[in-house]
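Trainee: I would like to learn how to read a model with a ligand. Could you take me through it one feature at a time?

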Amino acid sequence: MKPRVLILGAGFGGLELSTSLSEVLGESLEITVIDKSDAFVFGFSKLDILFGRQTAAAVRLPYAGVAKPGVKLRRETVTAIDPAARRVTTDAGTHEADVLVIALGADYDVSRTPGITLGENEFYSVPGAIHLSGVLPGFKKGHAVVGVCGAPYKCPPAPSECALMLHDYLVQRGVRGDCRIALVNPMSSPVPPSPDTSRALMAAFAERGIEYLPGRKVAAVEPGRALLDDGSALPCDLFLGVPKNRAPEVVVASGLTEDGWVPVGRTLETKFPGVYAIGDVANSGTPKAGLFAENAAKTVAANLIARFRHEEPAAKNPGTGSCYIEFGGDRIARVDIDFFSGPKPTSAFHEPSTALRADKRAFGSIRRARWFGR
Ligand SMILES: Cc1cc2nc3c(=O)[nH]c(=O)nc-3n(C[C@H](O)[C@H](O)[C@H](O)COP(=O)(O)OP(=O)(O)OC[C@H]3O[C@@H](n4cnc5c(N)ncnc54)[C@H](O)[C@@H]3O)c2cc1C
């Protein structure tokens, strides 16, 4: 019998893992990837949808037609996970595995933030970004709040990018002078592991008159105001929200989580042998962002390939990754962060430039070609 590798989630982590395994071991494995969705969308595409740079249809990468040796992609919803038995139940049946990888990402929990509604006043889901892209043209004066409702959340720089892109959007429409922009973020600085990046972002906020409120989160949104967790309130005519993130309920119910996320070490194996967690669903000591999910996937792939070849698995999650940051004015910065090489994270900040836009475009198209063959 071929070893059965079951990957839950076809996002950044699941796509990279199935591709890496297929590339090397192909038909000698039975790789099943399960996702409830019919298409993948890069996280950064949601900002493009929000500000009308791309349509939702243009950024969807449908799973249909993806063909890789040894890989079956199934559109099913995972309803239960038994990590001890490595058995997974979906709306279509049951799957058993020799190796189980949880790559189900992070979900949104709006129940604890009154006034925030999925698909309406948040830009972290595709329906939310689409809805707000229709609201933005009507915002011509008043107070806009870009507000984060809890940490950790996906892509730490995204709210800063949103505030800077909103500034440009309003300038282009000639209404910036009639609008205020405030950015509320529970973190102590925009990108805490990279002081250089944080300094550059705070300088950009100051230059553009964006009011930056660190160390606070949005506790509730009411008509005309956003309430913060320190008891203060901001006037708010337009709310662009980042909902509180959480591990998917099915993962919590499986007993895999502690303090809300799945704890893993440098091999990404959970406390259950043969069960791994990668990407946003895991607490691995790195941020919830695409490249960190991808590097975790590569680590698991390397160790599984070694194991199936009867070699000693030796790969460790490098804890490295880069984030592209939209600074407005068509310029993009990049920060490269290394979490595990030294006693403290180290980072290299690449100043915003138009050249880095081409870099970001290549980042997307390389993955589209690698994962989707298009
Ligand atoms: C606005 C925004 C901007 C971002 N910008 C960037 C950026 O510029 N760079 C960057 O690196 N990262 C960015 N990110 C973060 C990035 O998108 C995530 O960190 C990354 O996608 C995590 O990969 P993952 O594999 O862990 O989860 P995901 O990519 O979220 O994949 C999880 C998959 O699991 C599936 N799933 C969930 N529950 C179930 C279930 N019960 N049954 C079946 N399937 C299920 C989902 O459909 C999904 O396809 C951004 C995110 C957002 C929201």
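Predicted model: local features only at pLDDT ≥ 70, side-chain atom pairs only at ≥ 80, totals over all residues.

Trainee: Which domains does the domain assignment of the chain give?

Mentor: The assignment is a place to begin, and here it gives domain 1, made of 4–106 + 247–308, and domain 2, made of 110–245. The C-alpha centres of domain 1 and domain 2 lie 29 Å apart, and the contact takes 14 residues from domain 1 and 18 residues from domain 2. On the side of domain 1 that touches domain 2, the largest share, four residues, comes from helix 2, and the residues of that side divide into nine nonpolar, two polar and three charged.

Trainee: How many residues surround the ligand, and which are the closest?

Mentor: A shell is read first by its members and then by where they come from. In this model 35 residues surround the ligand, the closest being Gly 11, Gly 43, Gly 105, Gly 279 and Gly 290. By class, the shell has 19 nonpolar, ten polar and six charged residues. At least two residues of the shell are supplied by each of helix 1 (12–25), strand 2 (30–35), helix 2 (45–50), helix 8 (290–308) and strand 22 (320–328).

Trainee: Which residues of the largest nonpolar core touch the most other members?

Mentor: The core can be read through its contacts: of its 109 residues, Val 101, Ile 102, Ile 278 and Val 281 touch the most other members. Both domain 1 and domain 2 give residues to this core, so it lies between them.

Trainee: In which sense do strand 6 and strand 7 pair, parallel or antiparallel?

Mentor: Strand 6 (residues 78–82) and strand 7 (residues 87–90) pair in the antiparallel sense over four bridges, with Asp 82 standing opposite Arg 87 in strand 7. These two strands form a hairpin with four residues between them, and Arg 86 in the turn has a positive phi of about 50°. Strand 7 also pairs in the antiparallel sense with strand 8 (residues 93–96), over four bridges, and Val 88 stands opposite His 95 in strand 8. Strand 7 and strand 8 form a hairpin with two residues between them.

Methods: Residues numbered from 1 in each chain as written. Core = buried A, V, L, I, M, F, W, Y, C linked by C-beta atoms within 7 Å. Buried ≥ 20, exposed ≤ 12 C-beta atoms within 10 Å, placed from the backbone. Domains from an automatic or database assignment. Near = placed C-beta within 6 Å. Nonpolar A, V, L, I, M, F, W, Y, C, P; charged D, E, K, R; others polar. Pairing = 2+ DSSP bridges. Contact = placed C-beta atoms within 7 Å.
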